[in-house]
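Colleague: I have a structure open and I am new to this. Could you take me through it, one question at a time?

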Amino acid sequence: MTESIWVTPDMQSSSAFFQSTGETRNYGAGSPANGSTLSASDEDGVAYDCLLWNNAGKANPAFSHNESYPSATQGQVHFWGSSANPLEDPRATIDWDVTTTISTTTPTAPTASLSYSHTCYPAHRVTVNGSVIYSYQPGANTTDYIFQRLVTKFPTIRGSVGPIGVPAQ
Amino acid sequence: MSTHPAKTVCVLLALTIQMQAQAPATGSREVTSVKQSFEELRLRCTDPSSASAQSGLRRIAEKIRNSSGDDVAAAIPLMIGALRGSENPRLCTLVVLFDVSLRPDSAQLLSSYIGPIGNLLNSPDERFQTTPPIIFLNLKPQPPPEVVPPLLTYLTRTDLDPKAQTSALFALAKIAGDNPEVISGIRGFLARPLDNRVRIDALNALGDSRVRDPHVVAMVTASLDDADQGVRFTAAQTLRRMGENAVRQAEPALQTVIERADESPEVKDAARAALKSIGRTSE
């Protein structure tokens, strides 16, 4: 899933909100065909037979956002949402709530700070003007790890970052 | 766009899932039983997110994977008893029972405990309500028929948050999507006043070729006319996932979606993909 937006703190304005989800593809027995990773050999094109490629779906991106301006040179972006794999149990949700504050007090040296909470799966990343200010990698990709993180919801990641310098646009 | 590009910033949040092949654990020399490992884990699980509890959960998952059926079976009564304990050890127990459900002999191991596991559906905590459908659906080689009544009773309750009930809908569609009582329960659920998010979850849950009932297909098809774009998009996608018969039944409605002047490109694409699955191409 992706959410993005352009914010101009000095003009107290924002534009071009974007949200998207990628396609989820489900594979059955025999995958990965080459023994290590998915490849063209897994794409048999036969749905619902539980062999090789089996099903595909796309989550509806209906995420939330809010922009505010704490001062004449600050913009604050609040992204939050909850979404599930459309091919799996709908209550195994990925949840996130991230607030990024941009300061352009020194226009040539903007800064960003962040407060966040999210489920411990999957990977999360926040970038400002192309610079990664927060990155999280889950500890594992096993089925039971994902169950723990998305169903029993323990633990939830919370924290804050910055302010740190980000590139000027 | 801004006229002051030097002060414009782009904020991007991206969430990615990367599945990796996991190397099997090797070299374990432990001689403790699954039961002993579970007893140790309960003591550590006063805080399930602690390093100690997480380490214990990894160890018992490996042990459950690699132990004999008899060794796992001997520990299950203790696990079931722990479901009546305090909250955090109970959460750890859910994870351990989930690990058991992943075994190839899980239906045999857990078939005597469908009742106590199903009782979690009566918990006020959504995390506990969500677990039985997932565990029941996992049971191998296939879920026993005894899992259907508790899930169906739960699905048809009207005093619960329908958002949580979509887990049972998902499991029932896959376990017994052609069972007349289940079909009746599904129809009753879809007829309830559901907010857009729950309706989307419910439609996704029904995207399975085992759900063939024409009345259910008709209810999904009716969602192609919903006021919410996300519901319309998901309905078109669900019809494709329900298979050829569902798409053929919905073909006129899908064609109407494609011809709507004010319809979003995403919904039209989903409708086209459904029609393409039965060999129809449309502009």
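Modeller: Helices here are DSSP runs of at least four residues, and strands are runs of at least two, numbered from the N terminus. The model is predicted.

Colleague: How many helices and strands are there in chain A?

Modeller: Start with the order of the elements. From the N terminus, chain A runs β-β-β-β-β-β-β-β-β-β-α-β. That gives chain A one helix and 11 strands.

Colleague: What does the C-alpha trace of chain A span along its principal axes?

Modeller: Chain A has 169 residues, and buried residues make up 34% of them. Take contacts between residues at least 6 apart in sequence: in chain A, 54% of them join residues at least 24 apart. Along its principal axes, the C-alpha trace spans about 60 × 30 × 25 Å.

Colleague: What does the secondary structure of chain B come to?

Modeller: Chain B has 283 residues, and 44% count as buried. Of its contacts with a separation of 6 or more, 67% are between residues 24 or more positions apart. Its secondary structure comes to 15 helices and one strand.

Colleague: What is the mean pLDDT of chain B?

Modeller: pLDDT is the predictor's confidence in each residue, from 0 to 100. Over residues 18-28 of chain B it stays under 50, and the model has 10 contacts for them beyond four places in sequence. Still, 88% of the residues of chain B reach 70 or more, and the mean pLDDT is 89.

Colleague: What ipTM does the predictor give the complex?

Modeller: Two scores are given for the complex. The pTM is 0.88, and the ipTM is 0.87.

Colleague: Which element gives the most to the side of chain A that touches chain B?

Modeller: The contact takes 57 residues from chain A and 51 from chain B. On chain A, the elements that each supply at least two residues include strands S2 (13-20) and S6 (74-84) and helix H1 (143-152). The residues on this side divide into 28 nonpolar, 21 polar and eight charged. With seven residues, the element that gives the most is S1(A).

Colleague: Is Pro90(A) buried or exposed?

Modeller: Pro90(A) sits in the loop between S6 and S7 of chain A. Leaving aside neighbours within four places in sequence, its contacts include Ala84(A), and also Thr166(B), Phe170(B) and Asn204(B) from chain B. A residue needs 20 or more other C-beta atoms within 10 Å to count as buried. Pro90(A) has 26, so this residue is buried.

Colleague: And what about Cys45(B): how many C-beta neighbours does this residue have inside 10 Å?

Modeller: Cys45(B) lies in the loop between H1 and H2 of chain B. Not counting residues up to four places away in sequence, Cys45(B) touches Ala53(B), Asn88(B), Pro89(B) and Cys92(B). Its C-alpha atom is 9.1 Å from that of Thr93(B), 48 residues apart along the chain. Cys45(B) counts as buried because its C-beta neighbours inside 10 Å number 28.

Colleague: What covers the buried residues of H2(B)?

Modeller: Helix H2 of chain B takes in residues 51-66 and reaches 23 Å from first C-alpha to last, close to the 22 Å expected. Its buried residues include Ala53(B), Leu57(B), Ile60(B) and Ile64(B). Their cover includes H1 of chain A, and from chain B helix H1 (34-44), helix H3 (69-82) and helix H4 (87-101).

Colleague: Which elements do the buried residues of H8(B) pack against?

Modeller: Helix H8 of chain B covers residues 148-156. Its buried residues are Val148(B), Pro150(B), Leu151(B), Tyr154(B) and Leu155(B). They pack against H6 (114-118), H7 (126-138), H9 and H10 of chain B.

Colleague: At what angle do H9 and H10 of chain B pack?

Modeller: Two packed helices are described by the angle and the distance between their axes. In H9(B), Gln165(B), Leu169(B), Leu172(B) and Ala176(B) meet Val182(B), Gly185(B), Ile186(B) and Phe189(B) in H10(B). The residues of this contact divide into six nonpolar, two polar and no charged. The crossing is left-handed, the axes are 10 Å apart, and the angle is about 145°.

Definitions and conventions. Residues are numbered from 1 along each chain as its sequence is written. Chains are lettered from A and ligands numbered from 1 in the order in which they are written. This is a predicted model: local features need pLDDT of at least 70, side-chain atom pairs count only at pLDDT 80 or more; totals for chains, interfaces and linings use all residues. Axes are lines fitted to C-alpha atoms, for helices over the stretch in contact, and angles run from 0 to 180 degrees between N-to-C directions. A crossing is left-handed if the near helix is turned anticlockwise from the far one by less than a right angle, and right-handed if clockwise. Two residues are in contact if their C-beta atoms, placed from the backbone, lie within 7 Å. Ala, Val, Leu, Ile, Met, Phe, Trp, Tyr, Cys and Pro count as nonpolar, Asp, Glu, Lys and Arg as charged, and the others, Gly among them, as polar. A residue is buried if 20 or more other C-beta atoms lie within 10 Å of its own, exposed if 12 or fewer, and partly exposed in between; C-beta atoms are placed from the backbone. The expected span of a helix is 1.5 Å times one less than its number of residues.
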